[in-house]
Amino acid sequence: MKGRKYSFSFVLQVVLSLSAVLAVLLPVFLAGNLWPTAARDYLERNGVKESGAKNLVSAIYLGYRAFDTLGETIVLLVAVSGTITIIAHSGISLAKGFAGAGLAKPGSKSQLIARRTELIDVVTGKLGPIVLIFGLYVMLFGHLSPGGGFQGGVVVASGIVFISLGSKTDRSTQLQKAGVLARLEAAGFLFLVFAALAGILGGHGFFGNPFAGTGASAGTYIVALNAIIGLKVGAGIGFMCVAMLGRVD
Amino acid sequence: MTVIILILLVGLSVYTLSSGDLLHGTIALSAFSLLSAILFYLLLAPDVAITEAAVGAGVSTVVFVWAIRATERKDAK
Amino acid sequence: MAERVLLILLCLIGFWGIIAKKNIIKKIFGLYILNSAVVILFVVEGARIGENAPIMAEGVSHVADPLPQALMLTAIVIGVCITSLALAIAFRLYRFANTFDIDEIRRKIRHAST
């Protein structure tokens with residue numbers, strides 16, 4: 001034992017902070033109330049009819065609580081733009097990424113490539129399009145099986161990271177250019193606002209289903225919303241990751 | 001089954017916060033996300049499982065590795 | 001009941017990481033662990049009342065509560081936004097002070113502003 005003597009004020013601080021934290025957490029964790037089943041019963045009976053989606057979670061965040069989804073896309077927009085701004089104004093150029101921060105000779109793109117082996121190029125470059133297709137599937141089938149806008153969007157972002165990690169300098173796709181991804185994200189947010197306003201034109205209110213009275217099936221609006229949200233989330237997070245990896249040109 | 005996974009999660013989080021190398025801590029955080037994705041699947045929540053797996057073991061790990069790679073990697077405790 | 005005890009332990013470990021660790025990256029680890037513990041708590045509580053996943057295929061009844069799952073989807077994505085912004089700020093602090101230790105950074109900020 002080292003035999004450190006803790007001062008009285010330190011012990012007092014520890015005891016006070018621990019009791020403050022426990023005073024907040026313990027009533028949450030020790031409450032004996034049963035979880036109320038009213039929400040689950042109502043959704044089981046009416047969820048599929050009212051929104052057209054078999055996946056009840058999709059019905060909730062696209063139908064009953066669509067304002068939460070709108071707010072969360074705004075939070076994503078602000079966070080991605082804030083991160084890129086903080087990194088870009090810190091004195092290193094985004095095109096060099098971490099290579100410009102002093103770990104390698106500046107301007108030596110060959111050194112950056114020499115650090116990666118053939119394994120990464122082959123595996124991630126070839127797996128990238130497969131992950132993108134899987135992300136598109138998860139996004140568009142979100143109303144029938146587990147999936148949806150957010151889930152598909154983050155899988156598409158992982159696919160964009162794969163493609164940008166595995167590309168050689170001479171062959172590159174459009175999807176890893178940062179300008180394209182930034183415009184896709186802004187376009188996705190614009191489409192979401194338009195889709196929300198489209199309900200007003202039909203007389204159903206903000207975020208109302210514009211197809212509710214016509215002959216089209218009620219699931220069309222859900223699929224469209226899923227695709228728009230997936231586009232926005234995927235482009236936003238992919239843009240942030242591509243900028244961090246230093247592939248901005 | 002969920003109790004076993006929760007015990008492993010507690011052990012991994014203690015290792016994350018007290019390791020001497022930040023990169024080891026990041027890989028332990030990625031394993032934490034993977035285990036919690038499995039936990040969500042066992043708890044009848046497949047949507048949350050897909051999101052946690054793609055976000056925690058994918059995007060979040062990339063961001064942490066970038067921050068450590070661009071700065072420094074050892075923690076002098 | 002045992003799950004709740006382990007989850008409160010996970011919350012306390014997250015708090016310990018935020019308060020007691022000197023390295024900024026360890027503080028961000030603690031933030032992420034706290035976020036994950038709250039998400040797991042909600043999903044555990046929501047799964048107590050059902051036996052199937054909330055996908056209404058033919059003949060499925062008595063599903064788990066889908067409302068906490070939908071809210072936790074938003075919480076996970078916002079958690080990754082918070083983590084990436086915090087790491088960008090930590091990167092800026094490193095460019096300013098060349099260290100991650102919070103005491104050193106405080107000393108340098110006090111030096112630079114006098």
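## Close-up views of a three-chain model

**View 1. Chain B, element by element.** From the N terminus on, the elements of chain B run α-α-α. That makes three helices and zero strands. Helices (H or I, at least four residues) and strands (E, at least two) are DSSP runs, numbered from the N terminus. This is a predicted model: local features need pLDDT of at least 70, side-chain atom pairs count only at pLDDT 80 or more, and totals for chains, interfaces and linings use all residues. Residues are numbered from 1 along each chain as its sequence is written, while chains are lettered from A and ligands numbered from 1 in the order in which they are written.

**View 2. The box and the burial of chain B.** Taken along the principal axes, the C-alpha atoms of chain B fill a box of roughly 40 × 25 × 10 Å. Chain B has 77 residues, and 56% of them are buried. Buried means that 20 or more other C-beta atoms, placed from the backbone, lie within 10 Å of the residue's own. Now look at contacts (two residues whose C-beta atoms, placed from the backbone, lie within 7 Å). Take those in chain B with a separation of 6 or more: 55% of them join residues 24 or more positions apart.

**View 3. Where chain C touches chain B.** Here 37 residues of chain C are in contact with 35 residues of chain B. On the chain C side, helices H1 (2-20), H2 (24-46) and H3 (66-97) each give two or more residues. H3(C) gives the most, with 12 residues. By class, this side of chain C has 25 nonpolar, nine polar and three charged residues. Ala, Val, Leu, Ile, Met, Phe, Trp, Tyr, Cys and Pro count as nonpolar, Asp, Glu, Lys and Arg as charged, and the others, Gly among them, as polar.

**View 4. Where chain C touches chain A.** In this view, 35 residues of chain C are in contact with 34 residues of chain A. H1, H2 and H3 of chain C each give two or more residues to this side. H3(C) gives the most, with 16 residues. The classes here are 23 nonpolar, six polar and six charged residues.

**View 5. Confidence along chain A.** Chain A averages a pLDDT of 77, and 75% of the residues score at least 70. pLDDT is the predictor's confidence in each residue, from 0 to 100. Among the elements of chain A, helix H4 (residues 66-88) has the highest mean pLDDT (88) and helix H5 (residues 109-115) the lowest (53). Over residues 95-108 of chain A, the pLDDT is below 50. Beyond near neighbours in sequence, this stretch has 23 contacts in the model.

Note on methods: Buried ≥ 20, exposed ≤ 12 C-beta atoms within 10 Å, placed from the backbone.
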